[in-house]
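Subject: Structure handover, salt bridges

Hi,

Here is the structure for your files. My notes on the salt bridges follow below it.

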Amino acid sequence: EFITENEYRLREYQFLINNDSFNDDNLVFEQEVSDKLLDYGINKLLKVKRLKLTSVQTSFSRQEPIDKDMFSENTMDDFIKVSKNEIKPQYTSSKGRHTTILPGVESFGEGIFIDFNKDLFSNWSNNQLNNKDLGKRLDTLINNALHSEYRLSDEKKNTLMNKEYLAKFIFTHTFSHILIKELEFLTGYPATSLSERLYINENEMQGILIYTIAGAEGSFGGLVSQANTNKFIKIIKSALFRAKDCASDPICYNSEGQGIGGLNLAACYSCSLLPETSCEEFNSYLDRAILIDKEFGFYGYV
């Protein structure tokens, strides 16, 4: 039996938010304490000075992205058998889900963990989800997702129908992207050397880990040093200011679907998209309007 990706991440997330510091061979972190961060909806900021990343390739697809949870669902084997005329997803091993051992690669690096304030999200959702413009944007994205060629797991389809979850997911994911792009502009990190790990579900998780691993630029304390409160607030301010303008506006801002399957709204390579190796969601589910719009955006509200 496999647990879902979100269940696996929930264990990581709970460990990070329930500890202010930790120190062993595989994980070292400490909390940056400041009330100033609450002004930006951030409940907890951790300097992750050392982390171990274990990478195992279980499966792959070509040309068409496939939701990662589909590979652990029983329906995946059936899907492979019947998809005669489509691009087939492949397991790394010929034994598929019955594989017991795969090779892995261990790497060490550093990162910044951000946990957003759950109450602020709830207040924003309660006040803004009935906004006609925001509701229309979310309906457009849901419709695009359900009719796109991007194959979704059953769990992903069910959660997408929850507008409160979808708005939180888009906000958190887009925030992660503009933050990585700002780290590239202000600190000199190439975006290709940074990656995101998203901790998001309907009720319990609303966090991001931005990390780099050994061998990539800036993996010797440079990223952690940006988690100083004053530096970090400067980066957030600059990222939000930059997100208000895009070289493709007003076309980008008013888009009704762009990118893979039309799963982005106000997000393109000029403003929000990252190299494919940096993003967990194939550069999908992005909309900077949910961050900065004066009528319904999160930062317009807080």
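Start with a buried pair: Asp287 is buried, and so is Arg137. Buried means under 20% relative accessible area, exposed means over 50%, and partly exposed is in between (1.4 Å probe, protein chains only). The two form a salt bridge, with the closest N and O atoms of Asp287 and Arg137 2.9 Å apart. Asp287 sits in the loop between helix H7 (229-243) and helix H8 (289-292), Arg137 in helix H4 (residues 132-146), so the pair ties together parts 150 residues apart in sequence.

On the conventions: this is a predicted model, where local features need pLDDT of at least 70, side-chain atom pairs count only at pLDDT 80 or more, and totals for chains, interfaces and linings use all residues. Residues are numbered from 1 along each chain as its sequence is written, and side-chain values use heavy atoms, with hydrogens and water left out.

A salt bridge here is a side-chain nitrogen of Lys or Arg within 4 Å of a carboxyl oxygen of Asp or Glu. That rule gives 11 salt bridges. Helices (H or I, at least four residues) and strands (E, at least two) are DSSP runs, numbered from the N terminus.

Next pair: Arg242 and Glu182 meet at 2.8 Å, N to O. Arg242 is in helix H7 and Glu182 in helix H6 (residues 163-187), 60 residues apart. Arg242 is partly exposed at 38% relative accessibility. Glu182 is buried at 1%.

Last one: Glu280 bridges to Arg197 at 4.0 Å. Shared partners join Arg9, Glu12, Arg197 and Glu280 into one network.

Best wishes
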